[in-house]
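Please load the model in the viewer and keep the selection panel at hand. The stops below are given in the order in which they may be selected.

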Amino acid sequence: MARGPVRCAALLGYTCALYMWWSLCGHYFQYAGSGMNSVFRDRFPQSGQKSRPATALRAEGEIWHRTASPSEQRTQSDPAAAAGIQASASTSLTQPNPRPDKRECGHNWRPFHTLLTGQGSIYNGWQARIMYYHWKKQAAAGGPCTEMTGFTRLCASKDGEPDGLEDYIPSVFVKQLPDSVLKNYGYFGVLNRPHSVVEFFKEPRLYERIKEEYVMVAETDHVYMKPIPNLASATEAAAHSFGYMHASSRHNNVIHMCWPEGDSSQIQPIGPSPLIIKTADLRSVAQQWLDCSYTLRGSPEPAKIIQDWVLEMWAYAIASASIGIRHKVMIMQIEPNAYARTQEGFDKYGKEYIFHYTYGIEYKLDGSPQGYNTIGEWSLDKRHYGGAYPPKELDPPPEGANPSTKFLWRAWKDAIDSAQNWPDSNAMGTVGWRREGATDAEIAASPLASKVVGSSWTWAGIKKLTFHSGGKLTTPWGEGKWGVAFKPKGLPECVPPKECLYVDFSAAAHHVSFDLPDSFTSTRIGDGEVVKGERLS
């Protein structure tokens with residue numbers, strides 16, 4: 001297995017790239033070839049400097065296109081190739097600022113490039129902006145010889161088109177897997193992670209931007225808490241230890257689906273992120289990681305003994321073991337909830353480098369945890385913002401919340417408040433998400449709810465929506481919940497002493513203002529869609 005020694009050709013290529021950057025500093029320019037669009041920008045634009053949008057460049061004809069040749073396409077046995085996915089890509093690249101070398105930082109200096117994988121969705125987009133803010137913050141905190149030297153957001157998007165975030169984050173784009181492929185794998189969008197890495201390494205003008213010998217694979221819901229050193233070594237990658245990734249003999253049949261010669265004793269309890277690995281090794285394992293992901297997700301057998309949402313992680317663990325990549329297994333991240341016993345300074349003095357906000361943090365307003373598998377009166381959960389950015393107004397945690405909750409709230413706020421052109425959002429902040437359905441006592445205490453209970457209405461002209469006692473709701477689309485809305489966002493007609501109701505059904509949440517006795521106006525949380533209703537009885 002190649003371990004990526006620095007070759008003369010690579011050094012010559014890097015020298016040429018630096019010369020081109022010096023000669024053309026501050027300008028946009030493009031390459032013809034490799035079926036990609038290229039826009040080069042400064043790594044960190046100066047304050048007040050506005051980047052030229054990719055759409056403007058395209059209108060001016062400054063973007064080059066080329067269709068990939070047949071030899072560059074995937075074989076028809078590959079699901080993505082069968083769906084017409086090629087290795088062409090759209091990119092928005094930034095050349096890194098001149099960085100020190102070993103003569104300045106010593107022979108132990110081993111820089112790495114951060115590769116942030118994600119998809120071109122609103123959900124991944126706002127997380128990526130928060131993540132990049134904290135990456136820049138910790139790279140700067142690492143000083144002139146930080147080992148966090150390069151950054152690329154690798155985004156799988158529809159048709160490989162830019163999603164607009166290239167103006168704020170160094171980004172490259174590859175074609176995402178279409179529904180015609182994903183439908184065969186339970187619409188498991190995480191398959192786009194290994195898919196995008198495979199496509200990335202097909203394109204020289206993409207992967208050649210990584211000048212570092214090492215690369216770190218990161219996720220959009222990572223917040224870096226302190227500068228990260230290169231935790232890998234010349235002989236081992238570095239990966240986070242996951243408690244649910246320990247293999248035993250009962251997993252051997254699953255392992256043999258991808259690696260007939262392997263067994264559980266050779267599988268490490270790791271996934272593909274967070275991961276620091278030699279760039280050449282990531283390139284070597286990418287295709288097998290993707291192939292194994294397809295295999296495990298395409299069969300019902302693995303999910304009988306492994307949670308299906310981690311099968312792509314198992315695919316990486318199996319694929320890397322099969323080609324001899326070993327990892328230093330360590331604790332790299334923390335995933336605290338409201339019950340976590342974190343202490344002040346955990347972010348600076350703990351052994352973890354990353355806050356992975358994979359779990360919602362749910363509190364009562366008195367500062368005690370709300371409970372498990374429920375939404376809190378105060379709630380900080382990325383899942384609230386699948387269709388809209390988090391708003392700029394996020395109420396702080398209750399006074400009794402643990403230090404990790406206060407840290408994450410501040411991390412979101414700092415990134416959002418510092419962001420250029422953070423979109424306005426109709427989504428709620430951290431208060432108002434707990435909606436269990438009003439009790440009869442709560443209905444009786446509300447002038448509005450007490451007048452609405454028992455009534456039936458149209459919804460966009462469709463019959464009928466009925467408000468039952470106990471906060472129960474029946475609709476043409478199934479049952480739901482209703483109650484008195486607390487602090488609904490952006491609705492002056494709901495400001496006390498006026499009242500509005502929440503009406504939640506069919507996986508959507510709404511705030512409803514009434515013009516009694518005859519009509520109401522509903523505003524959907526997230527996208528702000530407005531629906532009118534009329535009273536039937």
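Among contacts between residues at least 6 apart in sequence, 70% join residues at least 24 apart. One example can be selected at once in this predicted model: Ala 80 and Val 181 are separated by 101 residues in sequence, yet their C-alpha atoms are 6.7 Å apart in space. Ala 80 belongs to helix H3 (residues 79-82), and with a relative accessibility of 0% Ala 80 counts as buried.

**The whole protein**

The protein holds 15 helices and 23 strands. Of its 537 residues, 52% are buried.

Which residues lie closest to the centre of the second largest pocket? The space in this pocket amounts to about 820 Å³. Select Val 190, Arg 193, Glu 219, Asp 221 and Lys 382, which are the closest to its centre among the 30 residues of the lining. Then colour the elements that each give two or more residues to that lining: strand S4 (112-119), helix H5 (122-141), helix H7 (192-202) and helix H11 (311-322).

**The disulfides**

Select the cysteines next. How many disulfides does a search of the whole structure find? The search finds three. When the bonded cysteines are numbered in sequence order, the pairing reads 1-2, 3-4, 5-6.

Begin with Cys 105 and Cys 145, whose sulfur atoms are 2.0 Å apart in a disulfide. The link between Cys 105 and Cys 145 is left-handed, with -85° about the S-S bond. Cys 105 sits in helix H4 (residues 102-105) and Cys 145 in the loop between H5 and strand S5 (148-157), so this pair ties together parts that are 40 residues apart in sequence. Cys 145 has a relative accessible area of 33% and is therefore partly exposed.

Move on to Cys 258 and Cys 292, which are joined by a disulfide with an S to S distance of 2.1 Å. The link of Cys 258 and Cys 292 is right-handed, with 90° about the S-S bond. Helix H9 (residues 252-258) contains Cys 258 and helix H10 (residues 279-297) contains Cys 292, so the pair ties together parts 34 residues apart in sequence.

The link of Cys 494 and Cys 500 is left-handed, with -75° about the S-S bond. Cys 494 is buried, its relative accessible area being 7%, and Cys 500 is buried as well, at 1%.

Another cysteine may be selected for its accessibility: Cys 155 counts as buried, at 1% relative accessibility.

**Backbone geometry**

Most residues other than glycine have a negative phi, and most peptide bonds are trans. The following selections depart from that pattern.

Where are the cis peptide bonds to be inspected? Select Ser 273 and Pro 274, which are joined by a cis peptide bond with omega of about -5°. Pro 274 is located in the loop between H9 and strand S10 (275-278). Then select Leu 516 and Pro 517, whose cis peptide bond has omega of about 10°. Pro 517 occupies the loop between strand S21 (508-515) and strand S22 (519-524).

Turn next to phi. Asp 159, although not a glycine, has a positive phi of about 60°. Asp 159 lies in the loop between S5 and strand S6 (171-175) and is exposed, with a relative accessible area of 53%. Ala 460 is likewise not a glycine and has a positive phi of about 55°. The tour ends at the loop that holds Ala 460, between strand S16 (456-459) and strand S17 (462-467).

Key:
Residues numbered from 1 in each chain as written. Predicted model: local features only at pLDDT ≥ 70, side-chain atom pairs only at ≥ 80, totals over all residues. Heavy atoms only, no water. Helix = DSSP H or I, 4+ residues; strand = E, 2+ residues; numbered from the N terminus. Buried < 20%, exposed > 50% of the residue type's maximum accessible area, 1.4 Å probe, protein only. Contact = heavy atoms within 4.5 Å. 1 Å grid on protein atoms, 1.4 Å probe; cavity = no way out; pocket = protein on both sides within 12 Å on 5 of 7 lines; lining within 4 Å. Points joined across faces, edges and corners; volume = space filled by probe spheres on them. Disulfide = S-S within 2.5 Å.
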